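Here is a short briefing to read alongside the structure. Keep the viewer open and follow along as we go.

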Amino acid sequence: MWNKVTVSTLILLALGCGILMIASVITASVLATHLIHEKKNTFDSKMQAGMMVSKTPGPPSSMAFFNHSSSASLVAKYQPESADLFANTTETLPVTVTFLSTTDMIGCVQKPCQHGTCVNKDTGYSCICLPGWTGQNCQQGDLRKHSFTHSLTHSMLVSLFHSTALSMVLNLHSHLNECIWKPCQHGRCLNQDGGYKCTCDPGWIGRNCQQDINACMRNACQHGRCANQDGDYNCTCDPGWTGHNCQQDQNECTINPCQHGRCVNNDGSYRCICSPRWIGQNCQLDLNECTRKPCQHGRCVNQDGGYKCICDPGWTGQNCQQAKLCRRGWSGYKGHCYTLVTKADNWQNANSKCKQDGANLASITSREEANFINNIIVGAPVGNWGVHLVWFGLNRKDEKFRQFTDGSKVTYTNWEPGEPNNNCNIMSWFEGQECVGVYSKDGDAGLIFRVQVKRGQWNDDQCSRHYPFICKRPK
């Protein structure tokens with residue numbers, strides 16, 4: 001764009017220079033004639049009276065002097081070396097001298113030198129011609145050499161040329177509408193006298209709006225990352241912010257991010273106040289309450305937003321913390337109720353009678369439970385053969401005692417020393433000892449066998465024997 005403006009200016013300048021050259025030549029010719037005429041008058045005014053002049057024909061560009069003592073004439077001729085009207089020289093031009101006889105001598109009183117200075121001589125006069133004139137009386141013009149005129153007018157012509165050329169260029173330039181060349185690359189052009197002005201678009205600077213402003217240098221993006229572009233910039237906002245400059249907080253709560261809670265908007269973010277039993281940034285994670293074991297007498301099952309207790313038998317309440325009450329004739333321990341049936345029966349019938357009451361022959365799963373049962377069976381009636389055994393829910397299966405009748409595993413035992421022995425003898429008709437009873441008192445084991453036993457110890461016996469029994473049921 002600059003080259004287009006420069007070429008336009010140079011064309012106008014060349015045109016102005018051509019016009020000025022023509023004007024300068026005309027002006028120089030007029031000034032030369034005027035100055036030569038003025039110079040002649042100046043020189044003539046300084047001539048002394050009494051000079052004699054004699055006009056004699058002579059060759060061009062010659063000046064004659066006459067000698068009264070000789071009729072011969074001596075002519076010295078000067079030929080100019082250059083015909084340049086504006087040659088810059090300061091040398092004095094040679095003149096042509098002619099000697100005249102006394103018969104032709106008139107003197108300078110008649111001012112014979114038309115364009116020069118007359119000098120009286122004893123034998124005549126001589127004309128000293130002005131530059132550019134020749135002849136005996138300086139009457140013939142010679143345009144081949146005008147150094148005097150040039151010396152006077154050179155500086156004037158140069159100044160005239162420069163001032164006139166500048167004036168024309170400025171005048172032409174002032175009328176040139178530079179905006180037609182569209183110099184403003186990224187902006188609006190406004191033409192002015194002698195020039196133009198660019199009003200740049202946002203993001204651009206420079207005379208012709210050619211320089212991109214790096215907006216990222218001034219931290220344009222308040223809450224984000226700035227990427228500079230031609231004439232603009234782009235902000236990649238941080239989470240929670242929006243707007244051209246990432247200056248506007250985004251209300252994330254409008255999209256309900258808190259799944260199980262209340263949303264509170266903050267500058268550039270948000271906060272969830274979770275409902276009970278929910279955690280996580282968006283309250284999306286269920287809190288596993290079972291990790292803190294809330295069910296005191298039962299099993300905990302975690303659920304969305306809560307938990308559930310499956311209580312052990314005999315227990316109730318949200319956390320299985322409340323024991324159920326046992327009906328009359330039953331004693332409670334933890335989640336179960338126990339009763340002693342004093343009417344003796346074989347092991348199989350005893351178990352069936354317990355089931356009829358919603359119970360089973362009792363299981364003994366811990367020392368604590370054993371102690372509780374031992375207190376119940378104190379004073380139980382004696383069974384067959386005077387043995388103080390009470391049936392409970394354990395019998396031999398697969399030659400081992402592994403499981404109680406209510407399905408619970410055998411985790412606790414309290415066998416009498418040497419038991420279980422599965423003793424088969426003639427008194428029992430060689431029946432095996434498949435069922436288990438617990439001694440209800442300390443002392444002799446029975447009328448026949450005087451073995452010392454302790455209350456609470458276990459012993460295997462024939463299942464056909466009749467003993468009291470103890471039932472156990474959930475509360």
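Which residue caps the N-terminal end of α3? Asn346 does, with a side-chain oxygen 3.2 Å from the backbone nitrogen of Gln348. Please bear in mind that this is a predicted model. With that said, let's start with the whole chain and then return to α3.

**The chain overall**
- The chain contains four helices and 29 strands.
- It has 475 residues, and 37% of them count as buried.
- If you take the contacts between residues at least 6 apart in sequence, 55% of them join residues at least 24 apart.

- Helix α3 spans residues 347-356, and its buried residues are Trp347, Ala350, Asn351 and Cys354.
- These residues sit on the same side of α3, because they cover an arc of only 95° around the axis.
- An α-helix has 3.6 residues a turn, so residues three or four places apart point the same way.
- The partners that the buried residues of α3 pack against are the strands β22 (336-345), β23 (360-361), β24 (389-395), β25 (435-439) and β29 (467-474).
- After α3 comes Gly358, which has a positive phi, near 75°.

**Disulfides**
- The count of disulfides comes to 18; three of them are described here.
- Cys354 is joined to Cys471, with an S to S distance of 1.8 Å. This pair links distant parts of the chain, since Cys354 belongs to helix α3 and Cys471 to strand β29, 117 residues apart. Both cysteines are buried, and the link is left-handed, with -80° about the S-S bond.
- Cys326 is joined to Cys337 at an S to S distance of 1.7 Å. Cys326 is partly exposed at 23% relative accessible area, whereas Cys337 is buried at 3%.
- Cys274 is joined to Cys283, with the sulfurs 2.0 Å apart. The torsion about their S-S bond is about -95°, so this disulfide is left-handed. Cys274 is partly exposed at 27% relative accessibility, while Cys283 is buried at 0%.

**A buried loop residue**
- Gln433 is found in the loop between β24 and β25, yet it is buried, with a relative accessible area of 8%.
- Leaving aside residues up to four places away in sequence, Gln433 touches Arg396, Asn421, Asn422, Asn423, Asp460, Asp461 and Gln462.

Key:
Residues numbered from 1 in each chain as written. Predicted model: local features only at pLDDT ≥ 70, side-chain atom pairs only at ≥ 80, totals over all residues. Heavy atoms only, no water. Helix = DSSP H or I, 4+ residues; strand = E, 2+ residues; numbered from the N terminus. Buried < 20%, exposed > 50% of the residue type's maximum accessible area, 1.4 Å probe, protein only. Contact = heavy atoms within 4.5 Å. Arc of directions from axis to C-beta. Polar contact = N/O pair within 3.5 Å; in protein donor to acceptor, adjacent residues only side chain to side chain. Disulfide = S-S within 2.5 Å.
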